[in-house]
Amino acid sequence: METYDPQAIEAKWQRVWEDARAFYVANPEPGEQPKGKFYMLEMLPYPSGNLHMGHVLNYTLGDVLTHFHRRQGEHVLRPMGWDSFGLPAENAAIREGGHPREITERNIETIEHQMRRLGWAIDWDRVIAAHDPAYYHWTQWLFLRFFERDLAYRKEAPVNWCPNDQTVLANEQVIDGHCERCGAEVEARKMEQWFFRITSYADALLHDHAQIDWPERTKTIQRNWIGRSEGAELLCRIDELDVDVPVFTTRADTVFGATFFVLAPEHPLVDEIAERSPNGDEIREYVKHSAAKRGEERAAAEEKTGVFTGLYAANPATDEPIPVWVADYVLMEYGTGAIMGVPAHDERDRAFAERFDLAITQVVDEEQGVLVNSGEFTGMPVQDGLRAIVEWLGERGRGRPAVSFRLRDWGFSRQRYWGSPIPVVYCESCGIVPVPDDELPVLLPEVEDYRPKGKPPLASNEEWLHVPCPRCGGEGTREADTMDTFVDSSWYFLRYCDPDNDELPFARWLADFWAPVDQYIGGIDHATGHLLYSRFFVKVMNEMEMVGFREPFQRLFHQGWVRQGGTKMSKSRGNVTAPDQLAEMYGADAVRLYILFVGPADQDMDWTEEGIEGVGRFLRRLWRIVHEAAAADGGGGSGDGGPLARKAHETIAKVSDDIGRRFVFNTPIAAVMELVNELGRDPSAPGARFAAETAVSLIQPYAPHIAEELWESALGHSRLWERPWPLADEAQLRRETFELVIQVNGRVRDRVEASTEESEDELVARAKASERVQAQLDGKEIRQAIVVPGKLVNLVV
Ligand SMILES: [Zn+2]
Ligand SMILES: [Zn+2]
């Protein structure tokens with residue numbers, strides 16, 4: 001027996017797998033419909049430096065599932081690619097000082113090397129990169145399809161501006177008022193931006209949750225983000241302007257108590273009101289002032305501010321004139337940007353009314369739960385009153401039932417260099433003109449200075465910027481903003497199905513064959529970003545008949561955080577050992593095994609050096625014991641019913657159930673360790689060879705290199721990676737006897753062999769008969785006997 005040399009073994013098998021193209025999967029031939037496909041995907045990494053242990057967890061998890069499903073005989077697609085456009089990659093380039101393309105491509109090389117060193121079973125033929133023109137060609141093509149359908153549009157809107165990254169951020173990229181990327185406090189600005197009309201799909205995004213097997217927690221986060229609320233849209237008449245202003249409310253039952261009317265400073269009517277109002281200057285000043293404040297800060301401010309416009313609106317129920325105010329505790333992003341103020345029944349309205357001395361009229365008796373001071377509805381229970389009032393307002397042409405969403409359209413243009421150009425040209429006479437399909441891709445041009453300056457860097461390349469209008473041939477100017485890289489990642493999982501297609505993003509039949517992704521793995525921090533955007537994209541592509549499904553990711557798993565020394569592992573904290581260095585020290589198998597052994601994969605975990613050393617010891621023991629068992633060859637097959645063979649079958653059943661059904665990845669390792677321990681007691685016992693083969697076969701998804709080497713050189717077989725996953729023999733799982741634990745008052749006093757056939761009464765009788773128990777009882781009266789069938793009897797005295 002040679003000594004276990006992980007570095008040599010791992011290099012050898014990685015070469016063998018690559019030569020055999022072991023983990024590359026062919027597309028079916030046209031018309032062929034092979035059964036049993038499995039699309040395994042982990043969120044793609046952005047190449048900003050090295051892999052960290054969080055990646056190792058993510059991709060090792062995916063690897064275990066890849067091997068497990070491959071060996072069930074399924075066609076497993078498990079590709080890899082690079083989220084190589086966008087802020088993280090660009091910021092890394094700025095940090096390292098170089099052109100984003102050079103830095104990004106160098107980082108990709110490093111990461112690919114690290115991935116190969118870990119021995120992950122990846123189909124390297126399907127690699128895609130967001131910054132590759134062959135990829136962003138189709139991102140641009142998709143943008144144009146969305147544009148044609150009016151699902152991509154440009155408008156001036158209040159946006160989140162990161163003063164540090166010098167770019168607009170999507171709402172989903174702002175966490176508690178701070179930039180998700182750099183942590184800078186986000187400012188409010190008003191700018192022309194590109195948006196995707198994701199709000200048109202708000203209901204579908206909610207409904208279709210029923211179709212997918214996702215953690216309930218993630219669905220809840222999305223549900224809250226979309227924020228659907230049912231209520232009514234009421235019309236408030238402002239005679240002086242000759243307009244009916246729509247207002248969304250969930251509390252139409254309180255309409256009789258509306259004593260004032262408020263417009264958000266951004267409301268489109270405010271300009272006109274300022275023109276007419278004697279307080280015009282004050283209003284304009286106020287609007288300017290509040291524009292610099294963020295929404296949440298405004299809404300939460302204890303001291304409410306506002307300006308009276310001098311105008312009056314009609315209460316939609318009473319027609320009474322109520323004063324019109326402009327106040328920034330009302331946000332344009334919610335509802336319609338206008339509210340009726342009901343100070344008796346809304347906290348913020350009350351604070352505002354008290355500050356400005358406005359009337360407060362109670363219209364609900366909270367104790368009785370009935371309406372008061374509400375005309376013909378007085379005395380009605382609140383819920384009935386609400387329905388009746390909406391209906392009555394409808395008859396008067398003053399309201400209708402309505403639904404409002406918290407979700408806003410997705411702003412995706414960025415004033416940065418490192419992204420896909422947006423393929424449109426502005427023309428004085430034609431407006432926004434799409435670049436024709438046959439002129440795609442619009443290549444990202446070189447610029448002298450790509451660093452963020454607030455203005456899009458692409459605009460500095462005059463030669464690139466000025467082009468003839470594709471429609472009229474007159475003077476045109478290209479769009480100089482680039483796309484958010486979340487656009488690239490909203491469809492990448494479909495490109496893997498057909499990565500070399502140069503006529504379309506992908507052929508529909510290939511997308512329909514492989515996708516949706518059967519198992520997706522990635523961080524829960526993407527719940528309201530990537531995971532929402534991708535669902536939106538797939539719904540649109542489904543309506544365009546590009547794909548036959550409406551959800552991208554059938555099943556979703558979120559891995560936990562990996563901590564070292566009690567803190568999250570990340571580059572900025574400097575507590576990172578690169579995974580390939582760890583592989584050089586301990587072997588890739590030890591790294592892979594440990595990252596899944598240390599705890600449940602969906603929970604946060606602590607990475608320690610001692611832990612990985614323990615796993616290393618297990619691998620060396622496995623190596624030695626399997627060799628001993630093979631050499632001794634004590635005989636006895638898989639079906640001999642001996643204790644070792646039975647233990648092996650139990651282990652098969654447990655590991656298969658944990659990985660395949662329960663989705664638990666640490667306990668299978670413990671189960672194999674147990675089997676190896678048992679085998680180690682007597683490697684020449686009957687059934688030892690079968691137990692050794694089973695241990696090697698079951699550990700293969702976790703530690704494929706050592707498993708393959710043992711399978712071949714010790715056990716004399718070949719190509720374990722292609723071997724069918726072992727099946728447990730049901731007959732050997734049914735145990736005829738078990739060890740009955742006997743307790744007195746919850747403390748273990750004896751263990752005896754009992755038959756699975758015995759009744760509860762018989763088990764209790766057996767417990768009472770035990771000499772050790774009788775010594776404990778000492779003549780005391782047994783008050784109760786608790787029986788757990790197959791396990792224990794507890795006598796309570
Ligand atoms: Zn930032
Ligand atoms: Zn034109």
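The exercises below concern a predicted model.

**Exercise 1.** Work out which residues coordinate the zinc ion (ligand 2) and what arrangement the donor atoms make.

*Solution.* 
- Step 1: Begin with the donors. The zinc ion (ligand 2) is held by the SG atoms of Cys427, Cys430, Cys469 and Cys472, at 2.2 to 2.3 Å.
- Step 2: Read their spacing along the chain, which is C-x2-C-x38-C-x2-C.
- Step 3: Check the angles. The 4 donor atoms subtend 105 to 113 degrees at the zinc ion (ligand 2), so the arrangement is tetrahedral. For comparison, the ideal angle for four tetrahedral donors is 109.5 degrees.

**Exercise 2.** Decide whether Cys430 and Cys469 are buried or partly exposed.

*Solution.* 
- Step 1: Recall the cut-off: buried means under 20% relative accessible area.
- Step 2: Cys469 has 3% relative accessibility and therefore counts as buried.
- Step 3: Cys430 has a relative accessible area of 24%, so Cys430 is partly exposed.

**Exercise 3.** Find the order of the 4 strands in the open sheet, and say which strands stand at the edges.

*Solution.* 
- Step 1: The order is 22-21-24-23, with antiparallel pairing.
- Step 2: Strand 22 (431-434) and strand 23 (466-468) each have a single partner strand, so one side of each has no neighbour in the sheet and they stand at the edges.
- Step 3: From one strand to the next, the twist averages 40 degrees.
- Step 4: Now look at one pair. Strand 21 (residues 424-427) and strand 24 (residues 475-478) are joined by 3 bridges, and Val425 stands opposite Arg478 in strand 24.

**Exercise 4.** Describe the donors and the arrangement around the zinc ion (ligand 1).

*Solution.* 
- Step 1: The donors are Cys162 (SG), Asp165 (OD), Cys179 (SG) and Cys182 (SG), at 2.1 to 2.3 Å.
- Step 2: Their spacing in sequence is C-x2-D-x13-C-x2-C.
- Step 3: Cys162 in strand 5 (residues 152-162) and Cys179 in strand 8 (residues 178-179) link parts of the chain 17 residues apart; both cysteines are buried.

**Exercise 5.** Determine how helix 22 and helix 23 pack.

*Solution.* 
- Step 1: Helix 22 (residues 667-681) and helix 23 (residues 688-699) pack at about 155 degrees, with their axes 10 Å apart.
- Step 2: That angle makes helix 22 roughly antiparallel to helix 23.
- Step 3: The crossing of helix 22 past helix 23 is left-handed.

Definitions and conventions
Residues are numbered from 1 along each chain as its sequence is written. Chains are lettered from A and ligands numbered from 1 in the order in which they are written. This is a predicted model: local features need pLDDT of at least 70, side-chain atom pairs count only at pLDDT 80 or more; totals for chains, interfaces and linings use all residues. Side-chain values use heavy atoms; hydrogens and water are left out. Two strands pair if DSSP finds at least two bridges between them. Helices (H or I, at least four residues) and strands (E, at least two) are DSSP runs, numbered from the N terminus. Axes are lines fitted to C-alpha atoms, for helices over the stretch in contact, and angles run from 0 to 180 degrees between N-to-C directions. Donors are N, O and S atoms within 2.8 Å of the metal (3.2 Å for Na, K and Ca); water is not among the atoms, so sites may look incomplete. Four donors count as tetrahedral if all angles lie between 85 and 135 degrees; four count as square planar and six as octahedral if opposite donors are over 155 degrees apart and all others between 65 and 115; anything else is irregular. Buried means under 20% relative accessible area, exposed over 50%, partly exposed in between (1.4 Å probe, protein chains only). Angles under 35 degrees count as roughly parallel, over 145 as roughly antiparallel, 65 to 115 as roughly perpendicular and the rest as oblique. A crossing is left-handed if the near helix is turned anticlockwise from the far one by less than a right angle, and right-handed if clockwise.
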